[in-house]
Amino acid sequence: MRILGLYNYWVFVFLMMVGFYILISRRNLVKKILGLNIFQTSVFIFYISMGKIIGGTAPILVEGEGEVVYSNPLPSVLILTAIVVGVSTTAVALSLVVRIKEAYGTIEGDEITAMDNEMPPP
Amino acid sequence: MMQHLPALLVVVPLMAAPVAAILRWRRAAWALALTVSWAVLAMAILLLRRVLNEGVISYFLGGWVAPIGIEYRIDVVSAWVLLVVASIGAVVMPYARASVEREVEPQRVPLLYSALLLCLTGLLGITVTGDVFNLFVFLEISSISAYALIATGPDRRALHAAYKYLIMGSIGATFIVIGIGMMYVMTGTLNMADLAQRLPEVSSRTVSVAFAFLTVGISLKLALFPLHLWLPDAYTFAPSTVTAFLASTATKVAVYMLVRFFFTIFGPTFSLEVMTFQWVLLPLALIAILWASMTAIYQMNVKRLLAYSSVAQIGYMALGISLASVPGLTAGLLHLFNHAIMKAALFMSMGAVMYQVGSVRIEAMRGLGRKMPWTMAAFVLGGLSLIGVPATVGFISKWYLVLAAVEAGLWVVAVLVLVGSLLAVVYIWRVVEAAYFQEYVGEFEVREAPLSLLVPIWALVAANLYFGLNATLTAGIATRAAELLLGVGS
Amino acid sequence: MEILVDFALLALLAVTAMAVVRVTNLFAAVMFAGIYSFLSACLFTVMDAVDVAFTEAAVGAGISTVLMLATLALVGSKVTTPQFRITAMSTKVPPRRPIFPLFVVLVTGGILVYGTLDMPPYGNPDDPVHNHVAPHYLEESGHEIGVPNVVTSVLASYRGYDTMGETTVVFTAAVGVMILLSSLRGRDTYGQEAWGDEKVQDLDVGFVDAFGEEMDAPSPKVGRRKKRKRRKKGGRG
Amino acid sequence: MSDQVILRVATKIIVPTILLYALYVQFHGDFGPGGGFQAGVIFAAGIILYSLVFGLRRTQKVLPSWVARLAASTGVLIYAGTGVVALLKGGKFLDYSVLAHDPEHGQHLGILFVEIGVMITVLGVMITIFYFFAARGREDL
């Protein structure tokens with residue numbers, strides 16, 4: 001049961017590792033952003049997992065029924081905010097990628113670094 | 001209205017930003033940003049006075065009492081950092097108009113002011129909040145606007161620098177969220193004061209991991225060696241105004257976050273005795289000081305040189321914190337203020353050179369000592385402060401730092417701090433040498449920078465000298481803040 | 001039963017995430033990321049976070065994917081193969097071995113797993129999270145706020161300030177995108193000389209000029225149309 | 001894509017439904033899942049669908065770029081403004097209880113306003129971002 005009880009968290013760790021790996025190992029700028037999304041989404045899963053009560057229900061109050069167990073609403077609220085933050089970061093990152101493509105003609109990180117190095121130092 | 005100051009301080013720039021974004025005239029957007037930044041400074045001063053007289057101010061947003069709702073909590077430490085951020089904002093804004101017109105495409109200028117205001121909002125919000133998740137939200141406001149601000153630089157490499165900063169910054173922010181989540185899962189609360197109370201009871205492996213993640217996340221934002229890789233490019237390619245603003249506020253607020261988490265939330269006992277972070281931070285800080293100072297010596301671009309010097313100066317602050325004694329923390333917090341005003345003066349004088357000459361490479365400095373006497377004099381005074389010459393603020397922070405190191409019995413550290421100063425002499429000298437001992441060779445007639453640039457620069461230089469000669473006020477506040485953090489004294 | 005669905009969804013998520021790693025075509029990767037978002041939205045529903053599920057489906061699988069596709073339309077969706085590539089500068093870039101990233105990731109993951117060992121088990125009503133602040137929301141919001149959806153009460157009132165920050169973050173994103181994409185296209189500059197005085201005049205278009213009767217691009221650019229117009233007026237530069 | 005008859009007809013039916021659904025999500029957020037953010041995103045999705053099928057130019061006749069930009073700013077101001085009104089009425093910032101005679105009513109009113117603010121900002125922002133991306137690709141490359 002102990003193992004089962006942490007299963008959700010371990011999958012979160014795995015997903016986080018996958019996202020983080022894409023983020024730091026891939027050189028394509030768009031791919032990195034995809035990694036960032038997976039990375040962030042894994043954290044959402046972590047938060048929502050901690051708010052769940054087995055046998056509970058969504059925290060929308062039902063009148064007239066005595067014994068209803070509700071899951072924790074607070075992680076949901078936090079994650080709603082985090083999702084919004086995530087998409088905002090993604091939007092800014094993507095517009096940066098568009099500009100980089102226009103300015104450099106490529107979106108491969110190492111090619112850009114090579115071009116940076118060949119330019120006269122600032 | 002006085003009782004609402006904590007909220008107004010953040011809400012006023014927050015509401016000004018959307019207005020600036022839809023304004024049609026660049027001048028109007030600038031005037032709005034200027035007014036707001038001065039209003040913010042006034043509020044920050046009022047708050048600091050109130051905190052010094054009355055102690056901690058607590059403000060419950062929405063009227064919901066602390067752990068239920070979000071609390072703004074201002075003690076001496078946050079009021080102090082608030083003052084730093086607000087005064088830099090208030091000095092950078094008048095400077096911005098001319099400099100931004102020269103370096104940024106006109107149609108983006110109102111948006112740039114909007115982003116600057118948002119960045120200011122975010123930094124102020126981080127500093128006053130007493131709720132860890134709220135801290136994350138405001139951290140992201142400041143970070144996302146900072147990414148955009150850096151990308152407005154005129155060189156295409158600004159885009160790549162901004163992208164790298166975005167990736168590093170987002171990793172940092174996500175690590176911070178993971179850390180917050182782990183604290184929350186153990187305690188069920190997000191309020192800092194409440195966390196400080198409950199964390200010791202549940203001290204466990206999870207809390208240790210939360211500590212580690214928060215430390216790494218904040219260090220990324222702080223550009224602590226070896227996580228500083230985003231900083232040199234970002235500061236080099238951003239427009240001068242943006243560099244001056246970010247260099248003297250964003251990293252300072254990150255230092256504040258570090259201190260806040262280490263000492264207020266986890267508590268000195270846990271941070272120092274269980275996690276023994278000081279033995280991780282101390283060597284990193286020393287390497288940062290020496291390595292970054294040496295790298296700065298080899299830079300051909302003065303902005304980049306100053307950026308590496310920033311990495312080194314962050315090392316000094318981290319060193320002060322890692323000593324974890326009242327004098328050490330005092331030195332760290334004092335240097336936070338002192339470094340902000342000297343680095344802003346240095347970056348802004350380079351902005352003035354950029355304005356007149358169009359380059360900030362060392363070769364471009366040739367003969368400027370005579371062509372732009374006021375600008376270069378400001379640079380020299382700022383440089384002396386960076387070195388730590390007596391009668392400048394730099395001396396005061398070095399003095400406290402060396403004292404703290406000696407008190408802790410770490411003679412080696414004290415010596416290394418002085419070595420760092422010597423290295424600073426070398427890199428500042430390279431600029432001085434070009435400016436004063438070489439002839440101007442360019443074809444164009446170079447004149448002194450306009451007054452709108454010079455006045456803010458010299459205001460900072462004056463502050464540099466004033467607080468260097470009369471440090472009772474600053475050192476007094478920093479000591480009180482250090483005592484509060486360590487839980488000794490009042 | 002719930003647990004089984006939970007397990008299945010988590011397994012699918014892991015598979016999809018791996019697919020994003022392996023695929024080389026960006027279009028496919030974006031599609032997988034969309035699927036990933038959608039699966040996590042399903043998972044959130046199972047875990048009683050309906051509001052989050054709704055948002056994740058709308059944002060992660062919706063808006064994010066649309067933005068990604070819009071970007072791919074601009075930058076192309078081919079990833080050059082990781083083996084020997086000739087860069088634009090015709091310098092050979094040796095394929096970086098992913099050992100260091102792998103090491104960092106494994107260490108991070110290891111530390112996290114270590115951290116989960118002391119965590120309260122999943123779904124247990126006795127966990128501290130369910131017993132400190134949250135009960136207040138569940139028990140009191142009924143008469144303090146009077147809105148059945150507790151998530152809405154917390155979001156808009158108890159932690160309304162966070163939501164204001166969130167709104168500001170969204171707005172910041174718009175400011176960021178506008179700053180970035182209102183720039184001239186393909187500008188490749190080494191210094192400030194990129195735009196001469198005349199161009200500055202041309203660029204100096206505010207609201208009415210840029211978004212006037214004939215709607216064109218939202219970003220004020222030196223479009224051909226505008227130049228023609230100015231020429232008609234005789235120009236003022 | 002505007003030459004595809006089926007697409008055009010289908011879009012003409014679907015888009016109003018989406019917009020209506022967005023409003024439902026907005027005002028039903030008190031009772032079920034939903035709220036300003038989701039509503040804003042759905043609304044923006046409707047507009048984006050319309051512009052994918054009928055083109056950017058036609059869409060911007062319906063919803064010009066500056067309107068979207070103005071909306072993005074206005075929403076934030078509505079939200080923060082609600083807080084300021086509460087502050088002027090003697091409560092703390094964002095304390096909705098003072099907005100009306102009895103606290104619960106005030107809370108309802110406050111939540112209504114801030115959710116509207118969130119929706120306006122989100123739809124403005126999403127549409128603005130989409131317009132900027134779309135315009136970037138479409139113009140003379």
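What share of the contacts in chain C with a separation of 6 or more is accounted for by residues 24 or more positions apart? The share is 42%, where two residues are in contact if their C-beta atoms, placed from the backbone, lie within 7 Å.

Before I continue, a word on the model. This is a predicted model, in which local features need pLDDT of at least 70 and side-chain atom pairs count only at pLDDT 80 or more, while totals for chains, interfaces and linings use all residues. Residues are numbered from 1 along each chain as its sequence is written, and chains are lettered from A and ligands numbered from 1 in the order in which they are written.

Let me stay with chain C. Its elements comprise 10 helices and two strands; helices (H or I, at least four residues) and strands (E, at least two) are DSSP runs, numbered from the N terminus. Read from the N terminus, the order is α-α-α-β-β-α-α-α-α-α-α-α. Of the 237 residues in chain C, 44% are buried, that is, with 20 or more other C-beta atoms within 10 Å of their own, C-beta atoms being placed from the backbone.

I turn to the partners of chain C. The contact with chain A takes 79 residues from chain A and 84 residues from chain C. On the chain A side, α3(A) gives the largest share, 24 residues. By class, that side has 49 nonpolar, 20 polar and 10 charged residues. Here Ala, Val, Leu, Ile, Met, Phe, Trp, Tyr, Cys and Pro count as nonpolar, Asp, Glu, Lys and Arg as charged, and the others, Gly among them, as polar.

With chain D, 42 residues of chain C are in contact with 50 residues of chain D. Helix α5(D) provides the largest share of the chain D side, 22 residues. That side divides into 27 nonpolar, 16 polar and seven charged residues.

Finally, chain B. Helix α5 (residues 132-151) of chain B packs against helix α7 (residues 160-181) of chain C at an angle of about 10 degrees, with the axes 9 Å apart; axes are lines fitted to C-alpha atoms, for helices over the stretch in contact, and angles run from 0 to 180 degrees between N-to-C directions. The two helices are therefore roughly parallel, a term for angles under 35 degrees. Among the residues making this contact are Phe133(B) and Ile141(B) of α5(B), and Tyr161(C) and Val169(C) of α7(C). The contact comprises 14 nonpolar, six polar and three charged residues.

Terms used:
Buried ≥ 20, exposed ≤ 12 C-beta atoms within 10 Å, placed from the backbone. Parallel < 35°, antiparallel > 145°, perpendicular 65-115°, else oblique.
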